[in-house]
Every structure is written in structure tokens, then in C-alpha cells.
Amino acid sequence: MTWDDVGALDAKVRHAMNPGAYDPRARLADMDKMGVDQAFLYPTWFAEGFPLISDPDTANALARAYNDWIADFCAADPRRLCAAAMLPLQDMDLALAELRRVAGNASFRGVFIRPMFVRDGYLTDPYYDPLWAEMERLGLVAAVHPTPGLWNPEWTSHGPFAEKVKNRSGQTPLPAGGGGPFSGGGAGLASTSFFTAFPQLGHPMAPILSAGWTITCSLRRC
């Protein structure tokens, strides 16, 4: 579709879903048209609500189901379709077991982590130290989402979306996500200070793909 075609769509009409949203072969064809070599696939609403599950066994079952599904999706071309795994951080033993399970699948290049409180602890909590150590050992990346999301119970997420953005914009960003519009993550080295005990993890977002940043996509297209 051209930009004019998109502009002519009636926003009140429900349009057909793009096959690339659920069919990996169609996704690869779309990537070809846009000049995208590789894609790192994140969960959406599943990741938003997943940390709110309190029962560890339920969280573990759901994480395994999601990881199996996204691995099947990426199997269409593991070189070009890469995935972030979900872990049941509600229980660190279960999280480490799932981390080791997915590490054997070439499609997984990292672990999706929401910047929110789990078991009353933030990413800086020693509770996470076994996770950072095992990710470093396995060569996986901590893919920390740069903003907390819509449903977090902590102070970074109270109120309607527009109010949250306005209020966070007036906060002073601190290392390891202590405020600011991108509370819980960020794009600078200061935001990686919670990895100081595991320096090999480096920046939370790199290198995710096979050879560092190998996504080729113009700003106009992105």
C-alpha cells in the first residue's frame, strides 16, 4: 500500500489483518519488500500482562507455551526471524530452567524483560543475579523494554496513558531506570548500571542479532 492508500482507509471500518502478523512466510515476504534483513520479535499484550500473574506454576506453563509458539514461527527462517524468550520470573528456579531450555534453540537471541517490580524487587535486586550470570554464561541478551507499560502496579504507571507520559517527562532520569520518560530502561550506558556485576551482558539491547546490529531499514520505512 502507498501512503495515499493508507490515508484513504476508513478508520471506522475493521480491516483484514495483515497475513505477516501471523504467517511467518508472509512476514518474510514483507521484510523483503521493506529491505529488512532480520527481525527481532517481541511479544505484545502477552508481555504486558504476564508479570502480573502471581502463581509461578501458571506463569511457567504460559511462558513455555509462548516460547514454543514463537520458536515454531521463527523456524520458517531462524537466520532472519529471531525471538525474545519469556521467562517465569515469579520463581527464579523455574526461570533459569526455562532459560536453559530455550538457549538450545537457535531462534532465541535474548530474553524479554519488563522494567517492573517482580516479587517486590526491581532489576537492581540481588534476586536477579542468578539470571544475569546464567544469561552471560549462555551468551543471551537481556532485552529490557525501555518503558514500563500500561498495567504496572508501581508508581511509574499510575493514571491514563497521556498523564503517565506527561508526568514521567518531568522526572529526572536516573541510572537503572529510576525515573524519566523511559523509566526502567533507556538508551544510554548509564541505564545498564544494574549489569555491573556481569559486564559481558553490556548494553541491554546489543548484540541481539547474529552479527551485532544487522537490521537494514531506512528511517523512512521504520
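Trp-3 is part of helix α1, which spans residues 3–7. The structure is a predicted model. Trp-3 has a relative accessible area of 69% and is therefore exposed. Together with Met-1, Val-6 and Leu-9, Trp-3 makes up a nonpolar patch on the surface, and the accessible area of these residues together is about 510 Å².

Glu-98 belongs to helix α5, which covers residues 92–103. With a relative accessibility of 1%, Glu-98 counts as buried, since the cut-off for that class is under 20% relative accessible area. Leaving aside residues up to four places away in sequence, Glu-98 is in contact with Ala-63, Arg-64, Asn-67, Met-86, Leu-87 and Pro-88.

The cysteines are considered next. The count of disulfides is 0. Cys-74 takes part in no disulfide, and the nearest cysteine sulfur, belonging to Cys-82, lies 6.8 Å away. Seen from Cys-82, the closest cysteine sulfur is that of Cys-74, and the 6.8 Å between them is too far for a bond, because a disulfide requires the sulfur atoms to be within 2.5 Å. Cys-74 is buried at 0% relative accessibility, and Cys-82 is likewise buried, with a relative accessible area of 0%.

The accessibility values discussed above are collected here.

| Residue | Relative accessible area | Class |
|---|---|---|
| Trp-3 | 69% | exposed |
| Glu-98 | 1% | buried |
| Cys-74 | 0% | buried |
| Cys-82 | 0% | buried |

Technical notes: Residues numbered from 1 in each chain as written. Predicted model: local features only at pLDDT ≥ 70, side-chain atom pairs only at ≥ 80, totals over all residues. Heavy atoms only, no water. Patch = residues over 30% accessible without salt bridge, like charges linked within 9 Å, V, L, I, M, F, W, Y side chains within 5 Å. Areas by Shrake-Rupley, 256 points an atom, 1.4 Å probe, with all protein chains shown as cover. Salt bridge = Lys/Arg side-chain N within 4 Å of Asp/Glu carboxyl O. Helix = DSSP H or I, 4+ residues; strand = E, 2+ residues; numbered from the N terminus. Buried < 20%, exposed > 50% of the residue type's maximum accessible area, 1.4 Å probe, protein only. Contact = heavy atoms within 4.5 Å.
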